[in-house]
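Please look over the model with me. My notes follow as numbered points.

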Amino acid sequence: HFQLPADLTKMHLTDNPHPQVTHVPSSQSGCSIASDSGSSSLSDIYQATESEMGDVDLTGLPEAPVDSEDEEEEEDEDIDRTSDPLLGRDVVRECLEKEPADKTDDDIEQLLEFMHQLPAFANMTMSVRRELCSVMIFEVVEQAGAIILEDGQELDSWYVILNGTVEISYPDGKSESLCMGNSFGITPSLDKQYMNGVVRTKVDDCQFVCIAQQDYWRILNHVEKNTHKVEEEGEIVMVKEHRELDRSGTRKGHIVIKATPERLIMHLIEEHSIVDPTYIEDFLLTYRTFLTSPLEVGNKLLEWFTVDSLRDKVTRVVLLWVNNHFNDFEGDPAMTRFLEEFEKNLEDTKMKGHLRLLNIACAAKAKWRQITLQKPSRDSPLFFSLLGGSDKGFGIFVETVEMGSKAAEAGLKRGDQV
């Protein structure tokens, strides 16, 4: 069984944080993560301003497909096909019933997609699951009450339940039930092992996959060759897994599967491998599960912005963040201040193209809201100033809001269009 050292208990990502990398064909690659308020990509923003910007390098930013009625119809058909559980199970069963030597790459991918949902495979790396899928044997026990393993019987396989329920009755009189996704049998060792208790089927039509002891031991004990561990000051802070996305060998590299929160933030501005192209989008979608505040990311980005070589990478992260998850900023005063500081940094460094992109993204994602500001008398100060109007040739915008004032408490913010 693949176990990480104790110091990896701080890590928070699952071993498959990039489902679109694994399962989406290369022809469909791109940003598949919807934003909080409408879906668009940075390419849309870029197209709106490309005639005015010659100094912006947007290489590698995600592209989103243009919606059309035809595509919607095709998507509906795809959903109809994949949402039928019986159809999915039939396809998986066909793959399972083939001998290991007869399984094609497509068969193994089908099995992989099905097996990764089961608890028995949850803590395994993708390459280990793939190897197990290539050697597994399918077995069906038709009758309830059939004995699968006797107490004291020598074990030779690892079993995972795909359908039905089994009961293990232990010699001390205790018993437990195992259902779909649970496993029993040998541990990954070549030592002789014997069953403790009697395993019986509780219902008709129990289905299993079995993996021989030799294969189970070989696959789980050679996992080290597929992983790379990053150490800092004697502690493992990141684990990467080597993956190949096609048989040509051209799309292969390491993908982050586990890391400390600090190391995950740092990886935002590091080089991402060809098999991990959506790391930034995935991080921005999942950071809420392992960070207490988005400011932990925001403060690091402001710090890195001061480094010339990191400035473009930091700006790309912020643009993706604003574009895909604008609610993180709009509903959080501290994050709104972060955005204003970042905007000022773009102004100071004369990154006008990126600044224009940021402003357009904010304008496109902002929601309408109504603010009521009560004044004690007609002559009372407003605590905010406006800019623009018909004489200036553009709309009316809030230019400044006095911190801690009634206007700020009411929710008025710099950049609001009236």
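1. How many aromatic pairs does the count come to? The count comes to 14 aromatic pairs. Keep in mind that this is a predicted model.

2. Take one of these pairs, Trp158 and Tyr216. Their rings are stacked. The centres lie 4.6 Å apart, with 10° between the planes. Trp158 belongs to strand 3 (residues 157–163), while Tyr216 belongs to helix 7 (residues 213–221). The two are 58 residues apart, so the pair links distant parts of the chain.

3. Are these two residues buried or exposed? Buried means under 20% relative accessible area. Trp158 has 5% relative accessibility, so it counts as buried. Tyr216 has 4%, so Tyr216 counts as buried too.

4. Now turn to Phe329 and Phe338. They also form a stacked aromatic pair, at 6.2 Å centre to centre and 15° between the planes. Both residues are buried. They belong to one aromatic cluster, whose members include Tyr279, Phe283, Phe305, Trp321 and Phe342.

5. Arg311 lies over the face of its ring, 5.2 Å from the ring centre. Phe305 is also one of the buried residues of helix 10 (residues 295–305).

6. Why do the buried residues of helix 10 line one face? Seen down the helix axis, they fall within an arc of 165°, so they share one face of the helix. In an α-helix there are 3.6 residues a turn, so residues three or four places apart point the same way.

7. What covers the buried residues of helix 10? The cover includes helix 8 (261–266), helix 9 (279–286), helix 11 (311–324) and helix 13 (333–348).

Notes:
Residues are numbered from 1 along each chain as its sequence is written. This is a predicted model: local features need pLDDT of at least 70, side-chain atom pairs count only at pLDDT 80 or more; totals for chains, interfaces and linings use all residues. Side-chain values use heavy atoms; hydrogens and water are left out. Buried means under 20% relative accessible area, exposed over 50%, partly exposed in between (1.4 Å probe, protein chains only). Helices (H or I, at least four residues) and strands (E, at least two) are DSSP runs, numbered from the N terminus. The arc is that of the directions from the helix axis to the C-beta atoms. Contact means heavy atoms within 4.5 Å. Rings of Phe, Tyr and Trp (its six-membered ring) pair if their centres lie within 6.5 Å; planes under 30 degrees apart count as stacked, over 60 as edge-to-face and the rest as tilted. A charge sits over a ring if NZ of Lys or CZ of Arg is within 6 Å of the ring centre and within 35 degrees of the ring normal.
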